[in-house]
Amino acid sequence: MTTRVKQYINSYTDPSPLAVFRIGFGLMMLFSIVRFWNKGWIEKIYIEPSFHFKYYGFEWINSIGEGVYILFILCALSACFITLGFKYRPAIITFFLSFTYIELLEKTVYLNHYYFICVLSFLLIFLPLNSSFSLDNFISKTKSISVPRWTIDSIKLMLCIVYIYAGLAKINSDWLIEALPLKIWLPSKYDLPIIGETFMQENWVHFAMSWGGMLYDLLIPFLLLYKRTRTFAFLLVVFFHVFTRVLFPIGVFPYIMIISALIFFDAKFHKRIINILKIIIDPIRKKLSHINIQNVKFNSNKKIIWVLTIFFILQLTIPLRHLSYNGNIMWHEQGYRFSWRVMLMEKLGYTTFKIVDKDKNQFFYVQNEDFLTSYQEKQMSFQPDFILEYAHFLGKHFKNQGYDDIAVYADSYVSLNGRRNQRYIDPEIDLLEIKDSFENKKWILPLKK
């Protein structure tokens with residue numbers, strides 16, 4: 001076994017797939033950042049709110065007001081540098097730090113593909129994506145004729161983890177037995193040309209898409225890995241993600257997954273892409289043709305291998321942490337984030353807060369719109385960690401207003417995947433007495449079937 005591992009670590013391949021992946025990743029990130037800016041979401045999400053929800057353990061991440069524009073500029077510039085392969089290592093580190101900091105500023109905008117970008121950009125720090133077809137090659141007058149096979153396979157492994165965990169998460173009664181939440185979402189797509197009124201209303205279509213989505217996620221990694229089915233699998237990836245983009249407003253995530261899937265093709269395929277790109281930039285290439293490029297071999301680094309081993313162990317175990325908690329994960333949401341549970345639930349809630357002045361034995365109710373934007377209030381109303389964090393914010397706020405001894409109670413009702421509203425938070429629990437932790441949140445009332 002040890003011999004096989006050593007042989008694998010010391011096996012080499014053409015670096016072209018890394019170059020194509022770098023260009024695709026950089027361009028998609030640049031497009032995503034420009035799109036986010038252009039839609040005015042920076043102002044709406046990061047500047048306008050007076051209060052920001054933070055991830056557990058990252059409460060120390062401070063909001064920086066209009067300074068967040070600087071972070072977006074850093075993201076955009078580093079994405080350009082990544083695309084060109086110019087100062088690649090500082091560029092990918094800058095991108096990872098700035099993008100991740102932005103994501104940690106406001107928890108309400110958590111999406112699986114934002115988390116995926118954070119994780120993937122961290123992985124790319126340790127991979128030689130500038131080993132060929134990059135400005136760094138021209139500056140150093142060297143290019144790698146080969147790279148360790150694991151540098152390409154690590155990206156494939158990350159994609160396989162995302163797909164397989166997304167597929168496993170769909171093996172639940174709501175998704176497979178009830179076709180929920182697709183049965184709720186799809187009928188609203190009646191305005192789609194041809195298929196809207198004809199198919200989106202049909203019950204069998206809801207079940208076919210539920211089962212199809214589960215099978216797709218579980219099988220597509222293996223179909224991409226197997227050479228004979230790879231082309232068919234990629235066409236399936238394109239169809240699935242384009243169709244998903246048509247149905248649901250999920251931003252650039254489908255395109256990111258399509259571009260990422262190219263990594264599964266062999267070096268010959270990527271060389272053809274690079275040759276096409278060379279034709280496009282031919283005038284520039286001719287001016288630089290006088291530079292003599294020396295071919296070198298990129299060798300494995302044992303320290304990096306150990307770092308990535310730990311990284312992938314974490315990626316395999318973090319999505320399983322929900323097993324430590326009883327009950328329906330979509331209800332209590334303990335272990336729900338960072339586990340590749342993609343579009344599995346339709347959840348709506350209504351949560352109000354009662355502030356009790358213990359000294360005067362009086363109480364009053366909070367107007368959430370006084371502190372939260374409409375989107376923040378919507379997200380807070382059905383997510384328990386949001387409710388707890390907001391309760392502590394209210395407690396601190398009213399203590400600063402002169403209320404010395406107060407309690408905060410939540411009156412919360414939530415609906416999951418079309419079920420009737422159910423009381424969500426124990427109304428007798430003073431949330432100021434509860435501290436957020438990884439312990440089981442017993443103050444969340446159990447879901448009634």
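The model is a predicted one, in which local features need pLDDT of at least 70 and side-chain atom pairs count only at pLDDT 80 or more, while totals for chains, interfaces and linings use all residues. Residues are numbered from 1 along each chain as its sequence is written, and side-chain values use heavy atoms, with hydrogens and water left out.

Several terms are needed at the outset. Helices (H or I, at least four residues) and strands (E, at least two) are DSSP runs, numbered from the N terminus. A residue is called buried under 20% relative accessible area, exposed over 50%, and partly exposed in between, with a 1.4 Å probe and protein chains only. A nonpolar core is a set of buried Ala, Val, Leu, Ile, Met, Phe, Trp, Tyr and Cys residues joined through side-chain atoms within 4.5 Å.

The largest nonpolar core has 77 residues, of which Phe 25, Tyr 46, Phe 95, Phe 116, Leu 124 and Met 158 touch the most other members. Helix H8 provides the largest share of this core, 10 residues. Apart from this core lies another, of 48 residues, among them Leu 247, Tyr 336, Trp 443 and Ile 444.

Contact here means heavy atoms within 4.5 Å. Leaving aside neighbours within four places in sequence, Met 158 is in contact with Phe 116, Val 119, Leu 123, Phe 311, Phe 312, Gln 315 and Trp 340. Ser 154 is found in helix H8, which covers residues 149–169. An α-helix has 3.6 residues a turn, so residues three or four places apart point the same way. Ser 154 touches Leu 123, Leu 127 and Phe 312, not counting residues up to four places away in sequence. With a relative accessible area of 5%, Ser 154 is buried.

Helix H14 (residues 253–261) is another enclosed element. Why is H14 largely enclosed by the rest of the structure? Seven of its nine residues are buried, so the rest of the structure largely encloses this helix. The buried residues are Phe 253, Pro 254, Ile 256, Met 257, Ile 258, Ser 260 and Ala 261. They pack against helix H2 (16–38), H6, H8, helix H12 (203–225) and helix H13 (227–247).

Empty space comes next. Rolling a probe the size of a water molecule over the atoms shows where empty space is left. On a 1 Å grid over the protein atoms alone, a cavity is a set of points where a 1.4 Å probe fits but cannot get out, and a pocket is an open set with protein on both sides within 12 Å along at least five of seven lines; lining residues have an atom within 4 Å of a point. Grid points are joined across faces, edges and corners, and a volume is the space filled by probe spheres set on the points.

The structure holds three cavities of 30 Å³ or more, and the largest cavity has a volume of about 120 Å³. Among the 13 residues lining the largest cavity, Ser 32, Ile 33, Phe 36, Phe 72 and Phe 99 are the closest to its centre. H2 gives the most to this lining, with five residues.

The second largest pocket contains about 1,100 Å³ of space. It is lined by 40 residues, and those closest to its centre are Tyr 55, Tyr 56, Phe 58, Tyr 115 and Phe 338. Helices H5 (88–105), H6 (112–124), H17 (302–317) and H20 (384–400) each give two or more residues to the lining. The largest share, six residues, comes from H5.

Some loop residues also deserve attention. His 52 is found in the loop between helix H3 (41–47) and helix H4 (68–84), and at 10% relative accessibility it counts as buried. A polar contact (a pair of N or O atoms within 3.5 Å; within protein, one must be able to donate a hydrogen and the other to accept it, and residues adjacent in sequence count only if both atoms are side-chain atoms) of 2.8 Å joins the side chains of His 52 and Glu 106. The side chain of His 52 also reaches the backbone oxygen of Tyr 46 at 3.4 Å.

Ala 179 and Pro 181 are found in the loop between helix H9 (173–176) and helix H10 (182–185). Ala 179 has a positive phi of about 55° although it is not a glycine, and its relative accessible area of 0% makes it buried. The peptide bond from Leu 180 to Pro 181 is cis, with omega near 10°.
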